Amino acid sequence: MADDTTILMDVGWNTKRKHPSPLLENMKHLGVSVSELNMIFISHPHVDHLGGMKEQKTRTFSLSQGPVSIPAIPVYAPVEISGSRWNPGFSAKVITAPTVLKEGIASIGPIPRALFLMGYTLEQSLAINVEGKGIVLIIGCGHQTIERIIERAQAIFDEPIYGIIGGLHYPVNGGRIMVGPLNIQKIVGSDNPPWRSINEADVGHAIEAIKRASPTIVGLSAHDSSDWAIDQFRKKLAGKYVEVRVGEKITI
Ligand SMILES: [Zn+2]
Ligand SMILES: [Zn+2]
């Protein structure tokens, strides 16, 4: 939420294809109704950001697996995406470069990455200019890498980076998608081949890059990072670190 603007960033992964979806249930708990939304911002076209596998395949998005009445609001995505049969009538405005979406709210523009298995992926992050503080970056999966997100933000904004919050894809020493002993997340979200998966040194470099940008607030989402990686951020960015949890508000 930025002043009077409520933004839905990504729609999650409704794995059991429920209606109402976990997203709608969570919004209800938070007291946010779909009718209050002013903007939908899709970071990138992966299964867990569009509503499901079917949505990824058909380049659509679903808030739930049943009809949901969404007001006529803009949808921004780095590629062509439209509303699924449950949300017809929506087609995303494709963001191809850093773009101001509304006063104080911007996309830093898509940054490409060729991911092993998932292929060429364009991802955009949201930037909110908080008056008197600086830019707060809100990141989906972070496939772009935090180093390149920071570099882009510093190139396009005059204001300092005040906050870095979201997923950064560090499934190191554990992951959220395990198939037996195999840590699938380590392979799918990286441009490294599986024999050189994301490792502890990568997490160290990310933390150093964040320190150089010297934000005031940093929060790493458990979405695509392990508990180990979160703990590294918590310890090495002590004083700046905020916990990112479902249902918990972070007030800037
Ligand atoms: Zn992703
Ligand atoms: Zn993701």
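**Entry 1**

I began at Met-9, whose bridge partner in β2 is Phe-41. β1 and β2 pair in the parallel sense over three bridges. For my own notes, strands are DSSP runs of E with at least two residues, helices are runs of H or I with at least four, and both are numbered from the N terminus. Two strands count as paired if DSSP finds at least two bridges between them.

This is a predicted model, so I kept to its limits: local features need pLDDT of at least 70 and side-chain atom pairs count only at pLDDT 80 or more, while totals for chains, interfaces and linings use all residues. Residues are numbered from 1 along each chain as its sequence is written, and chains are lettered from A and ligands numbered from 1 in the order in which they are written.

Next I looked up the sheet around this pair. It is an open sheet of four strands, in the order β1-β2-β4-β6, with parallel pairing. β1 and β6 (93-94) are the edge strands, each pairing on one side only.

Asp-3 sits in the segment before β1. Then I checked the bond between His-19 and Pro-20, which is a cis peptide with omega about 0°. Pro-20 belongs to the loop between β1 (7-9) and α1.

**Entry 1: two domains**

Where does the chain divide? Domain 1 covers 1-94 and domain 2 covers 97-252; such bounds come from an automatic or database domain assignment. Their C-alpha centres lie 21 Å apart. I then looked up the contacts between them, where 16 residues of domain 1 meet 20 residues of domain 2. Contact here is set by C-beta atoms, placed from the backbone, that lie within 7 Å.

On the domain 1 side, α1 (22-30) and β2 (39-41) each supply at least two of the residues that touch domain 2. The largest share of that side, three residues, comes from α1. By class, the side has eight nonpolar, seven polar and one charged residues. Nonpolar covers Ala, Val, Leu, Ile, Met, Phe, Trp, Tyr, Cys and Pro, charged covers Asp, Glu, Lys and Arg, and the others, Gly among them, are polar.

**Entry 2: the six-stranded sheet**

I followed this open sheet through the order β7-β8-β11-β12-β13-β16 and noted that the pairing is mixed. β7 (99-102) and β16 (217-220) each have a single partner strand, so one side of each lacks a neighbour in the sheet. The twist averages 25° from one strand to the next.

Strand by strand, I noted that β8 (105-107) and β11 pair in the antiparallel sense over three bridges, and that Ala-106 has Ala-127 of β11 as its bridge partner. Ala-127 also has a bridge partner in β12, Leu-137. β11 (126-130) and β12 (134-139) are antiparallel too, over five bridges, and Leu-126 stands opposite Ile-138 in β12. The hairpin of β11 and β12 has three residues between the strands, and Gly-132 takes a positive phi near 80° there.

**Entry 3: another hairpin**

I moved on to β9 (111-115) and β10 (119-123), an antiparallel pair with five bridges. Leu-115 stands opposite Gly-119 in β10. Which residue takes a positive phi in the hairpin of β9 and β10? I found Leu-117, with phi near 75°, in a hairpin that has three residues between the strands.

Axes are lines fitted to C-alpha atoms, for helices over the stretch in contact, and angles run from 0 to 180 degrees between N-to-C directions.

The axes of α4 and α6 (200-213) come within 9 Å and cross at roughly 20°. That makes α4 roughly parallel to α6, the term for angles under 35 degrees. I also noted that their crossing is left-handed, meaning that the near helix is turned anticlockwise from the far one by less than a right angle.

Which residues meet in α4 and α6? I listed Ile-146, Glu-147 and Ile-150 in α4, and Ala-206, Ala-209, Ile-210 and Ala-213 in α6. This contact has six nonpolar, no polar and one charged residues.

How values were computed:
Contact = placed C-beta atoms within 7 Å. Parallel < 35°, antiparallel > 145°, perpendicular 65-115°, else oblique.
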